[in-house]
Amino acid sequence: FTAGGHLTVYGDWTNGGTVSASGNGALEFAGTGTARITGKNTVGSFVCTAPGKTLVFDANANNSLTLYTGGELRLQGEEGNPVTLLGSPADAQWHVSLGTDVTTPVFFAAISNSVSDTAITAKNSVDLGGNVNWSFPKDRRPGDPIVWTGAVSANWGDIANWDIELKPDETDSVFIRASGEPGQFMPVLTEGTTLINNLTIE
């Protein structure tokens, strides 16, 4: 099965073959209740913005989710009503693989037993345990400011150079102050695509 557009699913997704959605192809889960996902799935973008929706990845089916370069992993619930992603059985791991420059706007999600090959930040979300390469900073909302400190290097992608030890994404407002502190590095962007919401240089 090959798709190049946007496919929205309200129930279960059972893949016993090969699914490939091209770089601009999106797989979205909508509606209420629980949806089970099985098989190896490669898509341009994976989306669930239905508060209260639960997605269960069946590890017994050698489950994995792969996103093409330039795609998007978008998971967004609401405060007190998250999008939930689980493995099945309860202690089974499910895998996420992200291509280059995949954006990951994840807010108000509850996640367990997910193993990612790339660091993913889930803001205002709940770590249900068993996650690898996920971070769950608290009380972060879209548009919140992040300040460059340049404490350890000029590397934009090093979280130690940001005041809250979190690399900004396309929802964040970035502040870069003029160098003046001894040992302060100024940021250098060397490769790839960097997405932010607002930029202020003082």
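**Cores and salt bridges in a predicted model**

Guide: The largest nonpolar core holds 29 residues, and Phe29, Phe46, Leu55 and Ile111 have the most contacts inside it. This is a predicted model, where local features need pLDDT of at least 70, side-chain atom pairs count only at pLDDT 80 or more, and totals for chains, interfaces and linings use all residues. Residues are numbered from 1 along each chain as its sequence is written, and side-chain values use heavy atoms, leaving out hydrogens and water.

Visitor: What is a nonpolar core?

Guide: Nonpolar side chains tend to be buried together in soluble globular proteins. Here a core is a set of buried Ala, Val, Leu, Ile, Met, Phe, Trp, Tyr and Cys residues joined through side-chain atoms within 4.5 Å. Buried means under 20% relative accessible area, exposed over 50%, and partly exposed in between (1.4 Å probe, protein chains only).

Visitor: With which residues is Leu55 in contact, leaving aside neighbours within four places in sequence?

Guide: Contact means heavy atoms within 4.5 Å. The partners of Leu55 include Phe29, Phe46 and Leu85.

Visitor: How many salt bridges does a search of the whole structure find?

Guide: Three. A salt bridge places a side-chain nitrogen of Lys or Arg within 4 Å of a carboxyl oxygen of Asp or Glu. Arg74 meets Glu72 at 2.9 Å, N to O. Lys123 meets Asp169 at 3.3 Å, and its closest N and O atoms with Asp172 are 2.8 Å apart. Shared partners join Lys123, Asp169 and Asp172 into one network.

Visitor: Is Lys123 buried or exposed?

Guide: Lys123 is buried, at 1% relative accessibility. Asp169 is also buried, at 15%, while Arg74 is partly exposed, at 26%.
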